[in-house]
Amino acid sequence: MKSNSTKILIRFDDISTHMNWDVWDKILLILKKHQVKPILAVIPKNEDKSLLKFAKIDDDIFWLKIKEYQSNGFGIAIHGYNHVYTTGDSGLLKFNKRSEFAGVDKKTQDLKIKNSINIFKKNSLNTNLFIAPAHSFDYITLDILKENGIQYISDGFFKSPKRYNTLSVIPQMHWSFKSIHGEIATICFHHNNWGDNELSVFEKNLKKYSKQIIDFEKIQMMKFNDIGVKDIIQLLFFQLRFKIFGYLKKIFS
Ligand SMILES: [Zn+2]
């Protein structure tokens, strides 16, 4: 498949009360200007020390903003519960050796998901989308998501939308506009340390790829095929590629 036919979904992670709001406000203006509706990985109860160092806004104001984003067509995802890593388990994707979910017992995982959904509901927000912190989750997480009515996850090293059990898997394996390929590519951004350069590169790319960018609503209309043997082989290939790339980065940095 030619890369210029790849559909692109923009995703921003670690959206929470504590974040770089100055940069975020600039990103919102860029998104509005180019009519791009990303998916947002929203942390229901941020207790991650590495994120708490950023400026905080009032909880009620935060949730009103999230509601506004949702009514503007942004996809709103539950991004874990508190974003605190309690295990060194890399889960099914074997990407990061840290997790809020993988390796955690079923009762605790279930409580986390229920608490997250309740916080969303308390703030009049419904969601059917889940994004695991650090890309780390296990089969128990997938069962619990299903049991709690979540239909979509944004993760997995696949080239097209996939189905696992009753869950729809929107693949995610890009962190920039470089080497986009496949039927769909979700590009994941973390904006907290962005400066003017990142903002201008982001805007340039939104312009360049404007015809390919789609939103969560359109993704839901795509065909999700069951994960097959070919997909598993592809997943293993990408895992190996990411691992080799990680080693090389360590050696040369
Ligand atoms: Zn995160």
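Predicted model: local features only at pLDDT ≥ 70, side-chain atom pairs only at ≥ 80, totals over all residues.
Analyst: A nonpolar core is a set of buried Ala, Val, Leu, Ile, Met, Phe, Trp, Tyr and Cys residues joined through C-beta atoms within 7 Å, where buried means that 20 or more other C-beta atoms lie within 10 Å of a residue's own, exposed means 12 or fewer, and partly exposed is in between, with C-beta atoms placed from the backbone. Residues are numbered from 1 along each chain as its sequence is written.

User: Which residues have the most contacts inside the largest nonpolar core?
Analyst: They are Leu40, Val42, Ile76, Ala77 and Phe130, in a core of 53 residues. Its largest share, 5 residues, comes from strand S1 (residues 7–15), strands being DSSP runs of E of at least two residues and helices runs of H or I of at least four, numbered from the N terminus.

User: And strand S3, are its faces covered or open?
Analyst: Both faces of S3 (residues 75–78) are covered, with Gly75 and Ala77 buried on one side and Ile76 and Ile78 buried on the other. S3 also pairs with S2 in the parallel sense over 4 bridges (pairing needs at least two DSSP bridges), and Ala77 stands opposite Ala41.

User: New topic: is His181 buried or partly exposed?
Analyst: His181 counts as partly exposed because it has 13 C-beta neighbours inside 10 Å, and it lies in the loop between strands S7 (167–170) and S8 (184–189).
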